Amino acid sequence: MKRRIRTYFEKAHVLEVDTPFLSPYAVSDPQIESLEISQSAVSSEPLYLHTSPEFFMKRLLAADFPDIYSICRVFRDGESGRLHQPEFTMVEWYRLGMELGDIVNDTIGVIEAALDRSIDADQVEYRDAFLSVCGVDPLDADVDTLAEEAGADEELRNAVGDERDDWLDLLLATKVTPTFATDRLTVLRHYPASQAALARLCPADHRVADRFEVFLGPVELANGYVELTDAREQARRIDADNAARRRRGRPVRPVDELLIQAMEAGLPECAGVALGLERLQMLWHKADDIGNVITFAFRETT
(Lines give C-alpha, C1' and ligand atoms only; values in the text may rest on other atoms or scores of the structure.)
Protein backbone atom coordinates (compact mmCIF):
# COMPACT_ATOMS: atom_id res chain seq x y z
CA MET A 1 0.00 0.00 0.00
CA LYS A 2 2.86 2.40 0.79
CA ARG A 3 4.49 1.53 -2.50
CA ARG A 4 1.32 2.29 -4.45
CA ILE A 5 0.91 5.62 -2.66
CA ARG A 6 4.52 6.55 -3.37
CA THR A 7 4.03 5.63 -7.03
CA TYR A 8 0.95 7.89 -7.19
CA PHE A 9 2.89 10.84 -5.78
CA GLU A 10 5.94 10.16 -7.93
CA LYS A 11 3.78 10.32 -11.06
CA ALA A 12 2.32 13.61 -9.79
CA HIS A 13 5.83 15.01 -9.08
CA VAL A 14 5.21 15.32 -5.34
CA LEU A 15 8.39 15.25 -3.24
CA GLU A 16 8.70 12.93 -0.22
CA VAL A 17 10.04 14.63 2.93
CA ASP A 18 10.93 13.64 6.49
CA THR A 19 10.23 15.84 9.50
CA PRO A 20 11.00 15.52 13.24
CA PHE A 21 8.79 13.41 15.49
CA LEU A 22 9.86 15.33 18.60
CA SER A 23 9.13 19.02 19.19
CA PRO A 24 8.94 21.60 22.00
CA TYR A 25 5.55 22.59 20.53
CA ALA A 26 2.21 20.81 20.37
CA VAL A 27 -1.02 21.23 18.45
CA SER A 28 -3.55 23.45 20.23
CA ASP A 29 -6.68 21.81 18.75
CA PRO A 30 -8.95 20.94 21.72
CA GLN A 31 -9.97 17.68 20.00
CA ILE A 32 -6.39 16.34 19.78
CA GLU A 33 -4.09 15.47 22.68
CA SER A 34 -0.33 15.16 22.37
CA LEU A 35 1.83 12.59 24.12
CA GLU A 36 4.10 14.61 26.39
CA ILE A 37 7.59 13.89 27.67
CA SER A 38 7.57 15.96 30.83
CA GLN A 39 11.21 15.33 31.86
CA SER A 40 14.30 14.68 29.80
CA ALA A 41 18.04 15.28 29.87
CA VAL A 42 17.91 17.34 26.68
CA SER A 43 15.29 19.96 27.57
CA SER A 44 14.20 21.85 30.66
CA GLU A 45 10.75 22.22 29.08
CA PRO A 46 8.31 19.46 28.06
CA LEU A 47 8.72 17.83 24.67
CA TYR A 48 5.91 16.42 22.54
CA LEU A 49 5.63 13.59 20.05
CA HIS A 50 4.00 15.02 16.95
CA THR A 51 0.33 14.33 16.21
CA SER A 52 0.96 15.25 12.57
CA PRO A 53 3.90 16.52 10.49
CA GLU A 54 1.79 19.53 9.46
CA PHE A 55 3.64 22.37 11.19
CA PHE A 56 7.05 21.29 9.91
CA MET A 57 5.71 20.65 6.41
CA LYS A 58 4.20 24.14 6.27
CA ARG A 59 7.56 25.58 7.26
CA LEU A 60 9.06 23.71 4.29
CA LEU A 61 6.40 25.14 1.98
CA ALA A 62 7.15 28.64 3.27
CA ALA A 63 10.82 27.95 2.41
CA ASP A 64 9.82 27.41 -1.25
CA PHE A 65 9.53 23.63 -1.30
CA PRO A 66 7.27 22.25 -4.07
CA ASP A 67 4.33 19.87 -3.52
CA ILE A 68 5.37 17.52 -0.70
CA TYR A 69 4.19 14.42 1.13
CA SER A 70 5.24 12.35 4.14
CA ILE A 71 4.47 8.82 5.31
CA CYS A 72 5.26 8.74 9.02
CA ARG A 73 4.31 7.49 12.45
CA VAL A 74 2.28 9.92 14.56
CA PHE A 75 1.19 9.81 18.19
CA ARG A 76 -2.01 10.83 19.97
CA ASP A 77 -2.85 10.51 23.63
CA GLY A 78 -6.18 9.07 24.77
CA GLU A 79 -6.86 7.34 21.45
CA SER A 80 -7.12 3.58 21.86
CA GLY A 81 -9.91 1.29 20.75
CA ARG A 82 -11.45 -0.51 17.80
CA LEU A 83 -10.67 2.36 15.40
CA HIS A 84 -7.86 4.14 17.24
CA GLN A 85 -4.26 3.55 18.27
CA PRO A 86 -2.02 6.01 20.14
CA GLU A 87 0.65 5.33 17.48
CA PHE A 88 -0.34 4.98 13.84
CA THR A 89 0.79 5.70 10.28
CA MET A 90 -0.23 8.94 8.62
CA VAL A 91 0.06 9.92 4.98
CA GLU A 92 0.09 13.72 4.79
CA TRP A 93 0.54 15.83 1.68
CA TYR A 94 0.31 19.42 0.43
CA ARG A 95 -0.46 20.60 -3.11
CA LEU A 96 0.23 24.17 -4.20
CA GLY A 97 -2.59 26.19 -5.73
CA MET A 98 -5.33 23.59 -5.25
CA GLU A 99 -8.86 24.64 -4.34
CA LEU A 100 -11.33 22.50 -2.39
CA GLY A 101 -12.63 20.51 -5.35
CA ASP A 102 -9.09 19.85 -6.57
CA ILE A 103 -7.81 18.50 -3.25
CA VAL A 104 -10.94 16.37 -2.78
CA ASN A 105 -10.33 14.74 -6.16
CA ASP A 106 -6.66 14.30 -5.31
CA THR A 107 -7.61 12.58 -2.05
CA ILE A 108 -9.94 10.17 -3.82
CA GLY A 109 -7.07 9.45 -6.21
CA VAL A 110 -4.69 8.61 -3.35
CA ILE A 111 -7.28 6.33 -1.73
CA GLU A 112 -7.93 4.57 -5.03
CA ALA A 113 -4.18 4.10 -5.54
CA ALA A 114 -3.77 2.69 -2.02
CA LEU A 115 -6.68 0.27 -2.44
CA ASP A 116 -5.67 -0.57 -6.02
CA ARG A 117 -9.19 -0.07 -7.35
CA SER A 118 -11.61 2.66 -8.36
CA ILE A 119 -14.23 3.67 -5.82
CA ASP A 120 -17.33 5.85 -6.14
CA ALA A 121 -17.74 8.90 -3.92
CA ASP A 122 -20.69 11.02 -2.84
CA GLN A 123 -20.01 14.65 -1.96
CA VAL A 124 -22.28 16.09 0.73
CA GLU A 125 -22.36 19.49 2.42
CA TYR A 126 -21.96 19.30 6.22
CA ARG A 127 -24.98 21.55 6.76
CA ASP A 128 -27.16 19.56 4.36
CA ALA A 129 -26.24 16.28 6.09
CA PHE A 130 -27.32 17.64 9.49
CA LEU A 131 -30.54 19.10 8.12
CA SER A 132 -31.39 15.85 6.37
CA VAL A 133 -30.61 13.46 9.23
CA CYS A 134 -31.18 15.54 12.37
CA GLY A 135 -33.44 18.34 11.18
CA VAL A 136 -31.24 20.96 12.84
CA ASP A 137 -29.05 23.63 11.29
CA PRO A 138 -25.49 23.08 12.58
CA LEU A 139 -24.52 26.66 11.76
CA ASP A 140 -26.95 28.34 14.15
CA ALA A 141 -28.60 25.74 16.45
CA ASP A 142 -27.87 26.43 20.11
CA VAL A 143 -26.55 23.92 22.64
CA ASP A 144 -30.01 23.14 24.04
CA THR A 145 -31.35 22.28 20.58
CA LEU A 146 -28.35 20.08 19.80
CA ALA A 147 -28.56 18.33 23.18
CA GLU A 148 -32.26 17.68 22.70
CA GLU A 149 -31.61 16.17 19.26
CA ALA A 150 -28.96 13.94 20.88
CA GLY A 151 -31.55 12.76 23.42
CA ALA A 152 -29.32 13.94 26.23
CA ASP A 153 -30.22 13.18 29.83
CA GLU A 154 -28.63 15.06 32.72
CA GLU A 155 -25.66 12.69 32.87
CA LEU A 156 -24.82 13.13 29.18
CA ARG A 157 -25.42 16.86 29.36
CA ASN A 158 -22.90 17.13 32.19
CA ALA A 159 -20.43 14.86 30.41
CA VAL A 160 -20.46 16.79 27.11
CA GLY A 161 -20.69 20.30 28.60
CA ASP A 162 -21.62 23.58 26.95
CA GLU A 163 -19.38 23.70 23.86
CA ARG A 164 -21.44 23.69 20.62
CA ASP A 165 -18.71 21.91 18.68
CA ASP A 166 -18.67 19.02 21.16
CA TRP A 167 -22.40 18.50 20.59
CA LEU A 168 -21.96 18.75 16.84
CA ASP A 169 -19.21 16.12 17.00
CA LEU A 170 -21.47 13.86 19.07
CA LEU A 171 -24.35 14.16 16.61
CA LEU A 172 -22.01 13.65 13.68
CA ALA A 173 -20.66 10.43 15.17
CA THR A 174 -23.90 8.98 16.52
CA LYS A 175 -26.51 10.09 13.97
CA VAL A 176 -25.03 11.50 10.76
CA THR A 177 -22.11 9.25 9.79
CA PRO A 178 -24.01 5.98 10.51
CA THR A 179 -26.23 6.91 7.53
CA PHE A 180 -23.27 7.04 5.11
CA ALA A 181 -23.02 4.36 2.42
CA THR A 182 -20.70 1.43 3.14
CA ASP A 183 -20.00 0.60 -0.50
CA ARG A 184 -18.58 3.97 -1.54
CA LEU A 185 -16.88 7.02 -0.07
CA THR A 186 -18.72 9.99 1.42
CA VAL A 187 -16.92 13.35 1.24
CA LEU A 188 -18.35 15.70 3.87
CA ARG A 189 -17.56 19.28 2.87
CA HIS A 190 -17.62 22.74 4.45
CA TYR A 191 -17.40 22.16 8.19
CA PRO A 192 -18.45 25.05 10.47
CA ALA A 193 -15.93 27.87 10.76
CA SER A 194 -15.55 27.07 14.47
CA GLN A 195 -14.03 23.72 13.44
CA ALA A 196 -11.40 25.23 11.15
CA ALA A 197 -8.31 25.51 13.32
CA LEU A 198 -5.95 25.53 10.33
CA ALA A 199 -8.32 25.83 7.37
CA ARG A 200 -9.28 28.80 5.22
CA LEU A 201 -12.81 30.11 5.57
CA CYS A 202 -14.91 29.52 2.47
CA PRO A 203 -14.71 32.66 0.29
CA ALA A 204 -18.40 32.34 -0.61
CA ASP A 205 -19.66 31.80 2.97
CA HIS A 206 -17.54 32.70 5.99
CA ARG A 207 -19.82 30.67 8.26
CA VAL A 208 -18.05 27.56 6.98
CA ALA A 209 -14.49 26.49 6.25
CA ASP A 210 -12.97 24.94 3.15
CA ARG A 211 -12.49 21.73 5.12
CA PHE A 212 -13.63 18.20 4.29
CA GLU A 213 -13.46 14.69 5.66
CA VAL A 214 -13.69 11.40 3.77
CA PHE A 215 -15.66 8.47 5.20
CA LEU A 216 -16.44 4.92 4.21
CA GLY A 217 -19.63 4.20 6.09
CA PRO A 218 -19.16 5.83 9.49
CA VAL A 219 -15.36 5.40 9.48
CA GLU A 220 -13.31 8.53 8.88
CA LEU A 221 -10.38 7.97 6.53
CA ALA A 222 -9.01 11.45 5.79
CA ASN A 223 -9.22 15.08 6.88
CA GLY A 224 -8.21 17.89 4.56
CA TYR A 225 -8.63 21.55 3.77
CA VAL A 226 -7.52 24.54 1.82
CA GLU A 227 -4.93 26.00 4.15
CA LEU A 228 -5.14 29.23 6.10
CA THR A 229 -2.19 31.41 5.06
CA ASP A 230 -2.82 34.48 7.27
CA ALA A 231 -0.28 34.40 10.12
CA ARG A 232 -2.16 36.88 12.30
CA GLU A 233 -5.42 34.93 11.98
CA GLN A 234 -3.58 31.68 12.70
CA ALA A 235 -2.14 33.14 15.92
CA ARG A 236 -5.63 34.32 16.93
CA ARG A 237 -7.06 30.84 16.36
CA ILE A 238 -4.33 29.19 18.41
CA ASP A 239 -5.13 31.60 21.26
CA ALA A 240 -8.82 30.70 20.90
CA ASP A 241 -7.97 26.99 20.97
CA ASN A 242 -5.98 27.41 24.17
CA ALA A 243 -8.86 29.40 25.70
CA ALA A 244 -11.16 26.48 24.86
CA ARG A 245 -8.66 24.15 26.50
CA ARG A 246 -8.77 26.19 29.69
CA ARG A 247 -12.58 26.06 29.72
CA ARG A 248 -12.44 22.27 29.38
CA GLY A 249 -9.76 21.84 32.01
CA ARG A 250 -7.18 20.60 29.51
CA PRO A 251 -3.50 21.58 29.35
CA VAL A 252 -2.65 24.73 27.40
CA ARG A 253 -0.12 24.03 24.66
CA PRO A 254 2.96 26.15 23.81
CA VAL A 255 2.56 28.19 20.64
CA ASP A 256 4.80 27.22 17.74
CA GLU A 257 6.23 30.65 17.02
CA LEU A 258 8.39 29.21 14.23
CA LEU A 259 5.24 28.24 12.34
CA ILE A 260 3.81 31.74 12.78
CA GLN A 261 7.09 33.28 11.61
CA ALA A 262 7.12 31.01 8.54
CA MET A 263 3.55 32.04 7.71
CA GLU A 264 4.52 35.69 8.12
CA ALA A 265 7.37 35.13 5.67
CA GLY A 266 4.84 33.72 3.22
CA LEU A 267 2.97 30.41 3.17
CA PRO A 268 1.88 29.87 -0.45
CA GLU A 269 -1.72 29.12 -1.36
CA CYS A 270 -2.06 25.39 -0.88
CA ALA A 271 -4.26 22.55 0.30
CA GLY A 272 -3.36 19.61 2.50
CA VAL A 273 -4.69 16.24 3.64
CA ALA A 274 -3.97 13.77 6.44
CA LEU A 275 -4.97 10.15 5.85
CA GLY A 276 -4.74 7.21 8.26
CA LEU A 277 -3.03 4.28 6.56
CA GLU A 278 -4.16 1.57 9.00
CA ARG A 279 -7.81 2.42 8.42
CA LEU A 280 -7.28 1.93 4.71
CA GLN A 281 -5.67 -1.39 5.52
CA MET A 282 -8.75 -2.30 7.57
CA LEU A 283 -10.78 -1.84 4.39
CA TRP A 284 -8.30 -3.91 2.38
CA HIS A 285 -8.57 -6.82 4.84
CA LYS A 286 -12.26 -6.24 5.73
CA ALA A 287 -11.16 -5.99 9.38
CA ASP A 288 -13.36 -4.45 12.07
CA ASP A 289 -10.56 -3.75 14.59
CA ILE A 290 -7.49 -1.67 13.83
CA GLY A 291 -5.42 -3.95 16.05
CA ASN A 292 -5.93 -6.74 13.52
CA VAL A 293 -3.89 -4.92 10.85
CA ILE A 294 -1.00 -3.85 13.12
CA THR A 295 1.74 -6.36 13.89
CA PHE A 296 2.46 -4.96 17.34
CA ALA A 297 -0.77 -3.23 18.35
CA PHE A 298 -0.89 -1.16 21.52
CA ARG A 299 -3.16 -2.52 24.21
CA GLU A 300 -4.33 -0.44 27.14
CA THR A 301 -2.73 -1.51 30.41
CA THR A 302 -5.19 0.15 32.79
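Visitor: Which residues line the largest cavity?

Guide: The largest cavity is lined by V27, S28, D29, F55, A197, L198, Q234, I238 and D241. A word on the source: this is a predicted model, in which local features need pLDDT of at least 70, side-chain atom pairs count only at pLDDT 80 or more, and totals for chains, interfaces and linings use all residues. Residues are numbered from 1 along each chain as its sequence is written, and side-chain values use heavy atoms, with hydrogens and water left out.

Visitor: What makes a space a cavity rather than a pocket?

Guide: On a 1 Å grid over the protein atoms alone, a cavity is a set of points where a 1.4 Å probe fits but cannot get out, while a pocket is an open set with protein on both sides within 12 Å along at least five of seven lines; lining residues have an atom within 4 Å of a point. The structure holds 2 cavities of 30 Å³ or more. The volume of the largest cavity is about 60 Å³, and that of the second largest cavity is about 40 Å³; each volume is the space filled by probe spheres set on grid points joined across faces, edges and corners.

Visitor: What classes of residue make up the lining of the largest cavity?

Guide: There are 5 nonpolar, 2 polar and 2 charged residues. Ala, Val, Leu, Ile, Met, Phe, Trp, Tyr, Cys and Pro count as nonpolar, Asp, Glu, Lys and Arg as charged, and the others, Gly among them, as polar. Helix 8 gives the largest share of this lining, 3 residues; helices (H or I, at least four residues) and strands (E, at least two) are DSSP runs, numbered from the N terminus. The second largest cavity has V27, S28, F55 and I238 among its lining residues, and its lining divides into 6 nonpolar, 1 polar and 2 charged.

Visitor: Which residues lie nearest the centre of the second largest pocket?

Guide: Those are T182, L216, M282, L283 and A287, from a lining of 16 residues. The pocket holds about 290 Å³ of space. Helix 10 (residues 277-285) gives the most to its lining, with 3 residues.

Visitor: Why is the contact between K58 and E227 called a salt bridge?

Guide: A salt bridge needs a side-chain nitrogen of Lys or Arg within 4 Å of a carboxyl oxygen of Asp or Glu. The closest N and O atoms of K58 and E227 are 2.6 Å apart, so the pair meets that definition. K58 lies in helix 2 (residues 54-62) and E227 in the loop between strand 12 (219-226) and helix 8 (231-247), so the pair ties together parts that are 169 residues apart in sequence.

Visitor: What other salt bridges could I look at?

Guide: R157 pairs with D144, the closest N and O atoms being 2.9 Å apart. R157 sits in helix 6 (residues 154-160) and D144 in helix 5 (residues 143-149), so this pair ties together parts that are 13 residues apart in sequence. In total, the structure holds 26 salt bridges.

Visitor: Is D165 buried or exposed?

Guide: D165 has a relative accessible area of 15%, so it is buried. D165 is found in helix 7 (residues 164-176).

Terms used. Buried < 20%, exposed > 50% of the residue type's maximum accessible area, 1.4 Å probe, protein only.
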